Structure formats: C-alpha cells, structure tokens
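Have a look at the structure first, then read on.

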Amino acid sequence: MSTERTRDEWLALVRPFEHDGEFFRAYDLAQQGLEQYPGDPALAHRAVLNLCNAGALPMARRKFAEYGLEASNEIDHLALGGRLLKSEAFGLPGERQAMSRMRGTPRPPSGIRTASVTWRT
C-alpha cells in the first residue's frame with residue numbers, strides 16, 4: 001500500500017518526474033496518490049496528462065473517462081480533453097489527420113466562460 005501523504009505531497013512528488021520527462025513514473029506516483037485520495041481531480045489530471053505526454057493515448061483517453069474528467073466543466077479538464085483530441089489527431093495518418101483538423105474543436109459546454117466570451121448553446 002502507498003505511504004500516507006497529503007494530496008499536495010503527492011502532487012509535489014509527481015512534478016519533478018514530469019519535469020525530467022519520466023512520464024510513466026509520474027503517472028505511477030499520481031496513481032498511488034489516487035489510491036489514497038480516490039477521485040481527487042488534481043491527481044487524476046496529472047495522471048492523465050502524464051499518460052498523454054508518454055504517448056499512451058488510448059490509456060489516457062480511458063482514464064480521462066474513468067476518472068470523470070470527461071464530464072467535468074473545470075477549465076483544466078476541458079483543456080486536457082482538447083489536448084487529448086489534438087494528440088490523437090496528430091497520431092492519425094495523412095488524410096484522416098487533415099479531416100480531423102478540419103472538423104475543428106467542439107464548443108465548450110453551455111455557460112463556460114473562455115477569455116472574454118461566454119458560449120451559449
């Protein structure tokens with residue numbers, strides 16, 4: 001079982017590995033933190049981001065949904081969802097990549113404020 005630490009201590013342990021490009025190790029530490037703090041959005045965000053940075057996009061997409069970040073309206077989670085879409089699009093071959101880019105980014109959910117614009121649907 002993981003060592004008892006505060007959420008902030010887990011996050012502080014993750015960041016040096018992110019900085020050094022050791023994304024799977026950073027993911028593992030975020031996972032250990034999530035064992036102690038299930039459903040913590042900051043630890044979940046770091047876990048998914050590190051999977052994405054490591055190129056483990058299918059797993060990142062699954063964890064994004066599993067952790068409930070997909071349904072979140074928090075700006076960091078929306079940005080992470082966009083990051084996953086971008087990474088997935090760049091991983092597609094030629095014509096499929098171009099078609100994915102032409103579709104554009106979906107609008108944020110109703111009432112989300114971005115910059116100085118409020119989207120309403």
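Which helix does Leu51 lie in? Leu51 lies in helix 3, where helices are DSSP runs of H or I with at least four residues, strands are E runs of at least two, and numbering starts at the N terminus. This is a predicted model, so to speak: local features need pLDDT of at least 70, side-chain atom pairs count only at pLDDT 80 or more, and totals for chains, interfaces and linings use all residues. Residues are numbered from 1 along each chain as its sequence is written, and side-chain values use heavy atoms, with hydrogens and water left out.

**Leu51**
- Leu51 is buried, with a relative accessible area of 0% (buried is under 20%, exposed over 50%, partly exposed in between, using a 1.4 Å probe and protein chains only).
- Leaving out residues up to four places away in sequence, Leu51 touches Phe24, Tyr27, Ala56, Met59, Ala60 and Lys63; contact means heavy atoms within 4.5 Å.
- Leu51 and Phe64 sit 13 residues apart along the chain, and their C-alpha atoms are separated by 10.0 Å.

**The nonpolar core**
- The largest nonpolar core has 23 residues, and Val48, Tyr67, Leu69 and Leu84 touch the most other members (such a core is a set of buried Ala, Val, Leu, Ile, Met, Phe, Trp, Tyr and Cys residues joined through side-chain atoms within 4.5 Å).
- Setting aside neighbours within four places in sequence, Leu84 is in contact with Val48, Cys52, Leu57, Ala60, Arg61 and Phe64.

**Helix 3 with helix 1**
- Helix 1 (residues 7-19) packs on helix 3 (residues 41-54) at about 15°, with axes 10 Å apart; axes are lines fitted to C-alpha atoms over the stretch in contact, and angles run from 0 to 180 degrees between N-to-C directions.
- That makes helix 1 roughly parallel to helix 3 (under 35 degrees; over 145 is roughly antiparallel, 65 to 115 roughly perpendicular, and the rest oblique).
- Arg7, Trp10, Leu11, Val14, Arg15 and Glu18 in helix 1 meet Ala42, Leu43, Arg46 and Asn50 in helix 3.

**Helix 3 with helix 5**
- The axes of helix 3 and helix 5 come within 11 Å and cross at roughly 15°, so these two helices are roughly parallel to each other.
- On the helix 3 side, Pro41, His45, Val48, Leu49, Cys52 and Asn53 meet Asp76, His77, Leu80, Arg83, Leu84 and Ser87 in helix 5.
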